[in-house]
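This report covers the pockets, the chain contact, the cavities and some backbone details of one structure. The sequence and model come first.

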Amino acid sequence: MSFQKTITLKVNGVNYTRTVEPRLLLSDFIREDLLLTGTHVGCEHGICGACTITFNGDSIRSCLTLAVQADGAEITTVEGMGSQENMSKIQQKFQEHHALQCGFCTPGMLATCEDMVKKYPLTSEDEIRDGLSGNLCRCTGYQHIVDAVQAVVKEDKRDVS
Amino acid sequence: MTNKYIGSRVKRKEDPRLLTGNGRYVDDIKIVGQLHIAFYRSDHSHARICNIDTQAAKCSPGVIDVFTEKDICEYYSPVIAQSRMKNYQATVMSILAKDKVRYVGEPIVAVVAESRYAAEDAAALIAVDYEALPFITDPKVAAQLNAPKLHEELDSNILVERSFRRGDVEQAFWKPQVHIKEQFRFNRKTSVAMENRTYLANYDCTLNHLTLYSSTQVPGIIKDALSDLLNIPGNELRVIAPDVGGGFGGKTSLYPEEILVVLLARKLKKPVKWASDRLEDLTTTSQAFDELIDAEIAVDADGKILGLKAEVIGDVGAYSIYPWTAGIEPVQVISFLPGPYKIENYDAHVRAVATSKSPTGPYRGVGRPCSTFVMERLIDLASEQLDMDPKEMRLKNLVQPDEFPYKAASGIVWDKSGFVEGLNAACDAINYDELRDQQARARDEGRLFGIGISTFAELTGIGSRISASPGMPINTGTETASISIDSTGSIVARFGVASHGQGLETSLAQVVAEHLNVSIDSVRIIHGDSDAVAHSTGTYASRSAALGSGAAILATRALNVKLLKIASILLGDEEENIFIQDGFFFNKNTDKSLSLKALAKAYYSQMGSIPAELKEEIGDLSATKTYDPLWGTTSSATHVVALEIDRISLKVKISKYIVAEDCGQMINPLIVEGQVHGGVAQGIGAALFEEMVYDEQGQALSASLADYIVPAATEIPRIDIEHLDVELPPTLSGVRGMGESGTIGAPAAIANAISDALAPLDQYVTELPMTPERIFRLVQAAQNPSS
């Protein structure tokens, strides 16, 4: 419409240059312009966490971010975490522990879990639940998600020692 | 024979795609040239439409066209949910509001544009003039015969009226030892599936064929309805529910937006998509549980229930929802109110009342979360007056193991299920007696510590003898499986049921693989597609595991007969000497074997390998069978919860939660546990947080996820599960439905536990959800008893 802005960013290791409206949400840019539909949109007001992605190393809400704010950024979406044939550790643990049912919140959950496993010791279940509290899941009651995260933490500790 | 797959914790087949962003939900499907709809929706709850100005919207950049009801009404028949019930009044619903609006959020104008952004820009330019009509928001007022009517052509706002009576209630209430009389309120909630409703219609002009991709639980119902309403032959219409992001009942009904995308795709000869946003989801997806229940119970000195009475008003919102009708929730409140208890004298009456709010519909549990809440509160109130432990009072009144089948007061027949066993198992697992000691110590310290029990039963896997919704004239009692082996030896099993998180791709593959004696990896499941089988409805009412597995068993049996005949010829021996194991046919008497692949190749491709007459008889290697469990079966459970209310913040902290349930044969325990956890989490939401709040003008006040509180990981405790090993039910697979159970039991258990915690203050719960504000009011009432 009015004026457009050109942005350059790296998503899942691929460089993109695109011209976008300043009002375009990053979630819509990822889904509609880059056709990376693994990032889901659940509320568009920053509560549900389904659209969570990794942005310059931190988990953020892509529905509360404009595409123009991602100029120069490095982004990982769920498509960049692992493939069906070669899932990441957290993805594998999600399957083993049945930490997903409908799968709609899952890409955002995975981004949050990756971030918290990387940044925090997660020594207690309460700490894990606190970390998950920004992502809503309507199917699982969270217990199996907590179990999956605990399993990752346990393995990481073993790998270190 | 021991099972290889059934009963095993098989990892789900659907997970790798869903975990890697390769799921395919409706909004992930992009068809070249697709157009997008945005709606202008009513901001009045009840008003006449005087004028609609779409001029500016039509000129907005990217807009293809703008539609009001008069532009589309000639292309479809309005939506009318029929019922066989006496005293039922159907409502007439148009796609876009015609002449007047009946709830805030009702669609009035549809803008079709090249992008969602352009469509929303244009929708913002639409101006509608209204003439306000009286608000019809209080169901008690709306139920009065002189109240203003929401639908002028009807006799009143009462869409459904029904009674159940048994025994001599007058006599039962004649000076009983205990007589509890209380008014209960379960406030309106909504499903909140994480994926908002989304529809995409693709019309192929060259083939004159339309495909609707719908985030629905019931592709079969939607196909049948669209065929009727839009007059499209079924062979020109296919409804696909691809990956669906949760349903919980909210995606079991036919919606105006769903009809409109199909209508416009045909009219414009372009793919047309509508993806709901969360505001639209919260205000227009069918809501639930809006019930006002006046109930009375009479109990003798031994704690035996003498009689039960209830007068229920269900606020069903603006329309009688298609296909379930306005009766689905309120009528089932009184049909299930007696619960798993022996109650000989019962008198209940319900009215489903139209109000100027969003229509209500099925939600996980349907009727039973309310009925269980009321019945379980009544038992606790009575046991308190008798100074009897609530567990003991339940044990005295439950249908005992030797008393099945038992006909409940409303006419429901319970087949044998672990009512008593469930109560005992849950109490044992949570160390009930020790917990009571712990509570005594906590009370001595002035803490508000409560224990709550709820015991309940439900009918699941219902067959053709009972409609899934009272009086509804569509068949919800059968499911079909069609299993075929092609010329390469590959197995495809097609089902009419549809998964939206239940993992049916995995559990149905377990059943098929078990009964064909092949590897689960060799079975491909197709479901959620109206083309899969000739008739189906979909997934709701805890039916798909029971009905789907039953149909799979019948189809595999028929297919095995064919395979054995062929194998006997190819292996050169009588059929009784042939057996199949892990995808290979063996001859008991020789060392000859044959893979399923080799059998299929020989059968289809090697001319002369099978006598022509036999080939004519067998046809292709497929079998299609329909299963009807007739009356269905009984599922039951007991929940026990321990919680504490913080004296200062009044926050409820759940410390222990146990579910003991009888779901018969588990196909996949991993999936069963996930369903229980998720169901309980939704029940906790209903008990403590979730409420669609409407003001007296019919404005939705909780129309964002900041205001409508869905519990997060910090609000949900660890939930322990005891699976009961009781006699298997008469369903073909031994499966009892269990998808809704968690949500049925949790509100009652928590209401009882909060009441128990507040007992030292002489306060108790009659209303849900028990938000911090409502707990605050109870605590205040205790401090200022006069006010």
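## Largest pocket

The largest pocket is lined by 35 residues, and those nearest its centre are D28(A), E32(A), E44(A), R116(B) and Y117(B). Its volume is about 830 Å³. A pocket here is an open set of points on a 1 Å grid over the protein atoms alone, with protein on both sides within 12 Å along at least five of seven lines; lining residues have an atom within 4 Å of a point. Grid points are joined across faces, edges and corners, and a volume is the space filled by probe spheres set on the points. At least two lining residues come from each of β2 (14-20) and α1 of chain A and α4 (116-123) and β13 (272-275) of chain B. Helices (H or I, at least four residues) and strands (E, at least two) are DSSP runs, numbered from the N terminus. By class, the lining of the largest pocket holds 11 nonpolar, nine polar and 15 charged residues. Ala, Val, Leu, Ile, Met, Phe, Trp, Tyr, Cys and Pro count as nonpolar, Asp, Glu, Lys and Arg as charged, and the others, Gly among them, as polar.

This is a predicted model, in which local features need pLDDT of at least 70 and side-chain atom pairs count only at pLDDT 80 or more, while totals for chains, interfaces and linings use all residues. Residues are numbered from 1 along each chain as its sequence is written, chains are lettered from A and ligands numbered from 1 in the order in which they are written, and side-chain values use heavy atoms, with hydrogens and water left out.

R116(B) is in helix α4 of chain B and D277(B) in the loop between β13 and α9 (278-284) of chain B, so the pair ties together parts that are 161 residues apart in sequence. A salt bridge is a side-chain nitrogen of Lys or Arg within 4 Å of a carboxyl oxygen of Asp or Glu. Over all chains, the search finds 65 salt bridges.

## Contact between the chains

Chain A gives 52 residues to the contact and chain B gives 55, where contact means heavy atoms within 4.5 Å. The two chains bury about 4,600 Å² between them, with 56% of it on carbon and sulfur atoms. Buried area is the accessible area (1.4 Å probe) that two parts lose on being put together, summed over both. On the side of chain A, the residues that lose the most area to chain B are Q95(A), R138(A) and Q143(A), together 19% of what that side buries.

Seven salt bridges cross this interface. One of them joins R31(A) and D27(B), with the closest N and O atoms 3.5 Å apart. The elements of chain A that give two or more residues to the side touching chain B are α1 (26-33), α2 (89-96), α3 (106-119), α4 (125-132) and α5 (143-160). The largest share, five residues, comes from α5(A). By class, the side of chain A that touches chain B has 20 nonpolar, 20 polar and 12 charged residues.

## Second largest pocket

The second largest pocket holds about 710 Å³ of space. Its lining has 28 residues, with R17(B), D243(B), E505(B), I525(B) and H527(B) nearest the centre. Two or more lining residues come from each of α1 (15-19), β12 (237-240) and β23 (523-526) of chain B. The lining divides into 10 nonpolar, eight polar and 10 charged residues.

## Cavities

The whole structure has eight cavities of 30 Å³ or more, a cavity being a set of grid points where a 1.4 Å probe fits but cannot get out. The largest cavity has about 690 Å³ of space. It is lined by 46 residues, and Q502(B), S542(B), Q675(B), G739(B) and E740(B) lie nearest its centre. By class, this lining has 22 nonpolar, 19 polar and five charged residues.

The second largest cavity has a volume of about 130 Å³. Among its 14 lining residues, M93(B), L254(B), P256(B), I321(B) and P359(B) are the closest to its centre. Its lining has 10 nonpolar, four polar and no charged residues.

## Backbone details

Most residues other than glycine have a negative phi, and most peptide bonds are trans. L35(A), which is not a glycine, has a positive phi of about 60°, and is in the loop between α1 and β3 (52-55) of chain A. The peptide bond from F404(B) to P405(B) is cis, with omega near -5°. The bond from L768(B) to P769(B) is also cis, with omega near 0°.
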